[in-house]
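Here are two exercises to work through with the model open. Try each task before you read its solution.

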Amino acid sequence: MRTIAVIPAYHEETRITPVIQSIRALVDAVVVVDDGSSDRTQEVAKQAGAIALRHRLNRGQGAALRTGTEAAIRLGADIIVHVDADGQHDPQMIPVLSEPLRAGEADVVFGSRFMGIDPTDMPKVRRMYFHLAKLFNIMVVGISKQITDPQSGARAMNRVAAQRIQFTQDRAAHCSEILRRVTQSDLRWKEVPVHVRYTEDTLKKGQSFFEAFKILWHLIIRGTK
Amino acid sequence: MPIQILLVVALLIALTMTWKRAKEGVIRAREAVLWSIVWIAAGVVIVLPETTSAVANLLGVGRGVDLVLYASVVVLFFLVFKLFTSLDRMDKQITDLVRKDALRDLDHQDETPTTNNQ
């Protein structure tokens, strides 16, 4: 089975090389989507051995992920893994995420930070925030309450699922959007415990409740299910 | 009042322009009628401001000025919604375009070291 990792990257020229190098051995190909960075992210990614595409304009993480996923499908991927560019995701989660797909037990696998393995250096406030976000996601966005980590960015899916889930959220709301689409579809999904490292850099990027409202808003005006 | 004369003259010009354009075939007769109704209604309100109060009372609003205010809030709300949706559509189109452009690069990159080094 051909496994391709997709990494959306925005201004990551200083951080992306070790991420690509640590992942390359675990997958058949790495697709990096430089999301309109003004630094050398694309070049650096290419040098590190990735297939590096570039958005000419910054369109957001969700948009970059979808471009990368589309590229992976065209490159003949059987399994597509979404990875963060900033090293927040432990590369060892790739085999963990793709295992249920290989075994044919699931079509989509989500990595959860709240299934036994404690995140390293996750601030208390952040943890409380995630629990609040979870409640909110279940009640407002319509994500299955069996999901333990509704803000998870670590996920893997097989080719069929990747072709079926047409996520349209360009920015951070794609996380909740994918969860909603998958858990409301007849695709088989599974959560597996993963380990996430929190650093000062990664903490700067966060999600807001506002993003959840965006999903609802788009459901209303675009009418996409 | 001079302001009333000024506005009525402006509306008369608008009315003649509308029908001139209709004769030239720029706008359809049906559109010309619709616009004429708008101009004439505006003229009535200008010459006889009390009419707005009559309409307002009919709808259960105290004063004509209040009715105009309420109506403008509704119209503005509608316009902002339209603006939001068209912006959203534009956003989506830009993303689609940027994605197409990025994926075109894929064909040139097929033989990347990643696949060779496996």
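**Exercise 1.** How many salt bridges are there between chain A and chain B? Then work out which parts of chain A touch chain B.

*Solution.* A quick note before starting: this is a predicted model, where local features need pLDDT of at least 70 and side-chain atom pairs count only at pLDDT 80 or more, while totals for chains, interfaces and linings use all residues. Residues are numbered from 1 along each chain as written, chains are lettered from A in the order written, and side-chain values use heavy atoms, leaving out hydrogens and water.

Step 1. Look for a side-chain nitrogen of Lys or Arg within 4 Å of a carboxyl oxygen of Asp or Glu. The count between chain A and chain B comes to two salt bridges. One of them joins A:Arg59 to B:Asp91, at 2.9 Å from N to O.

Step 2. Now see what chain A brings along. Strand S2 (29-35), helix H2 (41-47), strand S3 (51-55), helix H3 (61-74) and helix H9 (209-222) of chain A each put at least two residues on the side that touches chain B (helices, H or I, at least four residues, and strands, E, at least two, are DSSP runs numbered from the N terminus). H3(A) gives the most, with six residues.

Step 3. Sort that side of chain A by class: 13 nonpolar, five polar and 12 charged residues (Ala, Val, Leu, Ile, Met, Phe, Trp, Tyr, Cys and Pro are nonpolar, Asp, Glu, Lys and Arg charged, the others, Gly among them, polar).

**Exercise 2.** How many residues does the contact take from chain A, and how many from chain B?

*Solution.* Step 1. Take contact as heavy atoms within 4.5 Å. Chain A then supplies 30 residues and chain B 23 residues.
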